[in-house]
Amino acid sequence: LKGSWWKLREKVEPEIRPLCKTRCHNGGNTDAEIANIILSYVLRCPRCNAEVLYAGDGSWDQMKRGEKFKKIRCPNGKGEFTKAQADFVRVEPIEIRVDCKACKVKGEAKAKSLDEEDWELYISIEGGPTKVIHEGEDEWSEYKFEPVERFLDDLGTKVYQKMLQHWSVDYIPPKEVPYWYPKDVKFPKGYNTRQPLKRGITYSYQMFSHRNLIALSILWHYIKGIEDEKLRDKMRFAFTGMLFYVSLMRRWVYSNVAGVPLKGTLFIASVIQDVNTLEIFDFKINQVLRGLRELLTFKGNGSVFFAKVISNKP
Ligand SMILES: [Zn+2]
Ligand SMILES: [Zn+2]
């Protein structure tokens, strides 16, 4: 299995790695990799309607020190509000964790603010900034993602405007997904799907960042192409076992690098760790090799996973 994973890796890497490229801030290696991107909710202030970064205004540094905060401050000085009182707008990247083979930077030193190139890559994959609009008559339908002019981040906005000018367009959509993915698996109505719905998530594939959706489609494409049936099944097995961990349900949690998704829910936290699919797959393959029992509870048929993930948790 390990040998065939390396063979598979050789095929998928050239397609997936460009999605995760960054420059190491700790020595300048231009061929470093994004271990994860920290994404924060952007909320709408219920008092003045302005957009507010949940982990903005020093809150992110506070969170990294392990301090908790309950209230979010209105950017226009109109008091404070709680998360529950505010509408969701979108997520925005606030930090990158870098994996660098050259300097092997570790711990908190892996943290890097997004530079211009990081923003450009992020926008070219995830698309320009949007806001969620709800037009349906009930809470289960008709969410739209309407483009807006700017990110809350000034550098992000500057890079985005440059890109718009360069391409002479007024919006940059998310990058096309190169291979098959389950486009039409809708969330059922249910208690657990309420929370994602508020974020405009009505399809199961939206539980992934676009970057990881693309990476998954590439990986799945090459797994399907494996001729040996047994081997293919094992790969599917590892693929399925990985899905929860590479979804937007991967929370950022203080003092716990894992931030494993809450079991039995579809909960998306306000600060997300958008991880590197290839690295997680490496990890899962190793788990399969070690024959971990918990994995055996998965059926391993990744082709229906998006449906499965959802239908198991109505
Ligand atoms: Zn306000
Ligand atoms: Zn480095």
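The model is predicted, so I kept to its limits: local features need pLDDT of at least 70, side-chain atom pairs count only at pLDDT 80 or more, and totals for chains, interfaces and linings use all residues. Residues are numbered from 1 along each chain as its sequence is written, chains are lettered from A and ligands numbered from 1 in the order in which they are written, and side-chain values use heavy atoms, with hydrogens and water left out.

**Entry 1: zinc ion (ligand 2)**

I counted as donors N, O and S atoms within 2.8 Å of the metal (3.2 Å for Na, K and Ca); water is not among the atoms, so sites may look incomplete. I found this zinc ion coordinated at 2.3 Å by the SG atoms of C24, C100 and C103. Along the chain the donors follow the spacing C-x75-C-x2-C. C24 sits in the loop between β1 (21-22) and β2 (32-44), and C103 in the loop between β6 (87-99) and β7 (111-112), so the pair ties together parts 79 residues apart in sequence. Strands here are DSSP runs (E, at least two residues), numbered from the N terminus. I noted C24 as buried, at 0% relative accessible area, whereas C103 is partly exposed at 31%.

**Entry 2: zinc ion (ligand 1)**

For this ion I found C45, C48 and C74 coordinating through SG at 2.2 Å. The donor spacing reads C-x2-C-x25-C. C48, in the loop between β2 and β3 (51-53), and C74, in the loop between β4 (71-73) and β5 (80-82), link distant parts of the chain, 26 residues apart. I recorded C48 as partly exposed at 22% and C74 as buried at 5%.

Definitions and conventions:
Helix = DSSP H or I, 4+ residues; strand = E, 2+ residues; numbered from the N terminus. Buried < 20%, exposed > 50% of the residue type's maximum accessible area, 1.4 Å probe, protein only.
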